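Subject: Model for your review

Hello,

Here is the structure I said I would pass on. Please look through it before reading my notes below.

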Amino acid sequence: MLPATIQGIVTPFSGNGRKLGYPTANLVTQTQLKDGVYFGFADMAEFVNHPAIIFIGTPTTVGDKDRRVEAYLLDIPDEDYYQQPLKIELKHYHRQNETFKDIETLKQIMAQDEALARDWFSKN
C-alpha cells in the first residue's frame with residue numbers, strides 16, 4: 001500500500017545499473033511490497049527528498065537471482081554511496097517487473113520509465 005517507506009544501508013551489488021546507464025543505490029531488505037517499478041523520493045547523503053525511480057524485485061534480464069530494492073536518484077553524480085543510510089518513500093506504482101528478451105530492450109524500457117517518471121515528478 002502506498003505511500004510506503006523503505007530504509008537501510010546502501011550495499012554494493014553487481015554494478016549492472018551503472019553499466020546500463022542507471023547507477024542505483026541498492027538495499028538488501030525484506031519488503032512485502034509487490035515487485036515492480038515505482039516513483040518516489042529518497043534521502044541519501046546530501047540529497048534530501050530527491051526524485052527517484054525505485055525497482056523492487058529480481059533483475060532477471062541481467063542474470064541476477066537475488067531480490068532487492070534499487071533506487072536511481074535522478075541527476076545526482078555517479079559516485080559510490082556504499083554504507084550510506086538510504087530512506088526511500090514510494091509514492092506511485094508504475095509497472096510490474098518483467099524479464100526482457102535482451103539488454104537493448106531493457107535499456108529502451110528504462111529510458112521510457114525515466115521519461116514517464118520525469119513527467120510524473122513535474123506534476124507531483
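Which residues does L90 touch, not counting residues up to four places away in sequence? L90 touches L2, P3, A4, I6, L33, Y38, F39, G40, I54 and I56. Please bear in mind that this is a predicted model.

The strands form an open sheet of six, in the order 1-6-3-4-5-2, and the pairing is antiparallel. Strand 1 (4-9) and strand 2 are the edge strands; each has a single partner strand, so one side of each has no neighbour in the sheet. On average, neighbouring strands of this sheet are turned by 30° against each other, direction ignored.

Strand 5

Strand 5 covers residues 68-73, and six of its six residues are buried, so the strand is largely enclosed by the rest of the structure. In a regular strand the side chains alternate between the two faces of the sheet. In strand 5, R68, E70 and Y72 lie on one side and V69, A71 and L73 on the other, and all of them are buried, so that both faces are covered.

Its two pairings are as follows.

- Strand 2 (residues 25-27) runs antiparallel to strand 5 and is joined to it by three bridges. Within this pairing, N26 stands opposite E70, and L27 has V69 as its bridge partner.
- Strand 4 (residues 47-57) also pairs with strand 5 in the antiparallel sense, over six bridges. Here A52 has L73 as its bridge partner.

The helix across the sheet

Helix 2 (residues 103-123) lies across strand 3 (36-44), strand 4, strand 5 and strand 6 (85-95). The angle between helix 2 and strand 3 is about 60°.

The nonpolar cores

The largest nonpolar core has 21 residues. Those with the most contacts inside this core are M44, I54, I56, L73, L86, I88 and L90. Two or more residues come from each of strand 1, strand 2, strand 3, strand 4, strand 5 and strand 6. Strand 4 gives the most, with four residues. Another core lies apart from this one and has 16 residues, among them F39, F55, I109 and A117.

Regards

Methods
Residues numbered from 1 in each chain as written. Predicted model: local features only at pLDDT ≥ 70, side-chain atom pairs only at ≥ 80, totals over all residues. Heavy atoms only, no water. Buried < 20%, exposed > 50% of the residue type's maximum accessible area, 1.4 Å probe, protein only. Pairing = 2+ DSSP bridges. Axes fitted to C-alpha atoms, helices over the stretch in contact; angles between N-to-C directions. Contact = heavy atoms within 4.5 Å. Core = buried A, V, L, I, M, F, W, Y, C linked by side-chain atoms within 4.5 Å.
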